[in-house]
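Open the model in your viewer and keep the selection panel at hand. This tour goes from one selection to the next and says what is there.

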Amino acid sequence: MSSLAAILNLPITLKKYPNIDAVFDAVSRGEVDIAMGYSMTEERRKKVLFSNPFYQTSTAVYLADPHNTTRPEERRRWACLSGSVYCEVIQQQTNQRPAMVDSFDMGVALVHSGKAHALVASYINIANYVDSNNDLHASIEFPKWLPREEVRLVASYEQSVLVDIINKVIQLANDNRLPSYFSSSNPYYLLDKALIAFHSLHEDEVVTYSMRDNLPPLISQSSSGNYIGAIPDFMSMLGSRVGVDIQYLPLDSESSADLGVVSYVGRNPVAHNLVTQPFMTLKYRGVVGDTGMIKSDSKAGILIQTKISHVEQLQTETTLNLVAYDDIEVMLKDLEQGKLSVIYLPVDVASTFTVSNLIGEQYTLIDTELELNLAFTVKHQDTALFSLINQLISTFDNGEVLKIKNRYRQFEMVEGYKKQTVCTTVCWF
């Protein structure tokens, strides 16, 4: 709306109304000039004038309790926004009258109270809510019977000239003849746009990924045959946010997976095609010893669980020749002997323990930081999947990823560094 106002050089005053019906009543009476973000129906056209569509948006189902994903649709208690087109669609599909609420927040509260199992709403609103609240248990579904919405602007019939002007602006935007600021930078709008593009090219809503399967705590196979760990949990969260079934595919499978998991140090390796932005980043601080003992062929050590170092590593512009250690005593000994010029400790190790207690007075904690990133490579030149994964990762915040990390992390008080517990508890994250 702000972009439209800038193009038309018109000031905008926003007015709030309690529900959708109140908005349409205000528009039809001329109490407000325009309202934005609504679908056109024959019933609504009797009251107000609609512009051409600005964009398409997905309609989705929000489920707070994962157990309700297996509940048949006809046995779910549904909720929708009063006056929205969703309510009629639900009634036609399920033969039941949904609970109607005045706002999205009221619908979410109804689902969390258990009075409703599922809320139908705009995917943009649902994704925004789930991410903002770090809701790792939520599921989002995209039933075939829920159509996408064509979002339009509405005005009273007395504002037909204004609607005509707006339609010309929409056409110019569709022809890419307007400044880039006319398009929205809202991350959830961009995610929805990427999701629509993905669905238009993929009828099968299954995405597969592969990596070595014996790398705890990243991934391992339980006694029951299920794959567990931080990566499966993260993939489950990815899939639940976009309604896509993401499955692990063993490396020895006949077919190749859609995604691979890789690691790299520093910047995204642009030389490698379709490497996503990192979904997890491990931060380290540098420690140096007696520089007089450094050998010409010395390397840099990094304290990390050896199994994580087995994740496929991509070459980057970083010149460090890194050697992974899972024993801090061995790494310090190599630093003392000059086999290593610098060692890197996880930031929380460096900050939790004082330098003197952890590594001794002969070592110095330096300002140099290092980042070890975990990311995806997208196979088969699937740019639609690449865009979807990248945009989805961009909506995650540290709180969501931290919750997954903490599931596989134990905390134990130790004195000094001589217990390997230091590494097994904190080194991989």
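This is a predicted model: local features need pLDDT of at least 70, side-chain atom pairs count only at pLDDT 80 or more; totals for chains, interfaces and linings use all residues.

Is Glu141 buried or exposed? In it, Glu141 has a relative accessible area of 18%. The cut-off for buried is under 20%, so Glu141 is buried.

**Stop 1: the partner of Glu141**

Glu141 and Arg76 form a salt bridge, with 3.0 Å between the closest N and O atoms.

**Stop 2: strand S5**

Go on to Cys80, which is placed in strand S5. What is the relative accessibility of Cys80? The value is 0%, so Cys80 counts as buried. Now pick the C-alpha atoms of Cys80 and Val61. They are 9.8 Å apart, and the two residues are separated by 19 residues along the chain.

**Stop 3: Arg152 and Glu150**

Select Arg152 and Glu150. These two form a salt bridge, and their closest N and O atoms are 3.0 Å apart. Color the pair by accessibility. Arg152 counts as buried at 11% relative accessibility. Glu150 counts as partly exposed at 35%.

**Stop 4: a salt-bridge network**

Next, select Lys15, Arg29 and Glu31. Salt bridges with shared partners join these three into one network. Zoom in on Arg29 and Glu31. Their side chains meet in a salt bridge, 2.6 Å from N to O. Glu31 counts as partly exposed, at 37%.

**Stop 5: a nonpolar surface patch**

Select Met1, Ile12 and Leu14. Together they form a nonpolar patch on the surface, with about 300 Å² of accessible area. Center on Leu14. Where does Leu14 lie? Look in the loop between helix H1 (2–8) and helix H2 (20–29). Leu14 has a relative accessible area of 74%. The cut-off for exposed is over 50%, so Leu14 is exposed.

**Stop 6: helix H8 and helix H6**

Hide the surface and show the cartoon. Two packed helices are described by the angle between their axes and the distance between the axes. Select helix H6 (residues 123–132) and helix H8 (residues 187–201). Their axes come within 9 Å and cross at roughly 120°. That angle makes H6 oblique to H8. Which hand does the crossing of H6 and H8 have? The crossing is right-handed.

**Stop 7: helix H8 and helix H14**

H8 and H14 pack at an angle of about 155°, and their axes are 9 Å apart. Angles over 145 degrees count as roughly antiparallel, so H8 is roughly antiparallel to H14. H8 passes H14 in a left-handed crossing.

**Last view**

Show H6, H8 and H14 together. H8 has a right-handed crossing with H6 and a left-handed crossing with H14.

Terms used: Residues are numbered from 1 along each chain as its sequence is written. Side-chain values use heavy atoms; hydrogens and water are left out. Patches are made of residues with over 30% relative accessible area and no salt bridge: like charges are joined within 9 Å, nonpolar side chains (Val, Leu, Ile, Met, Phe, Trp, Tyr) within 5 Å. Accessible areas come from the Shrake-Rupley method with a 1.4 Å probe; for residues, only the protein chains shown count as cover. A salt bridge is a side-chain nitrogen of Lys or Arg within 4 Å of a carboxyl oxygen of Asp or Glu. Helices (H or I, at least four residues) and strands (E, at least two) are DSSP runs, numbered from the N terminus. Buried means under 20% relative accessible area, exposed over 50%, partly exposed in between (1.4 Å probe, protein chains only). Axes are lines fitted to C-alpha atoms, for helices over the stretch in contact, and angles run from 0 to 180 degrees between N-to-C directions. Angles under 35 degrees count as roughly parallel, over 145 as roughly antiparallel, 65 to 115 as roughly perpendicular and the rest as oblique. A crossing is left-handed if the near helix is turned anticlockwise from the far one by less than a right angle, and right-handed if clockwise.
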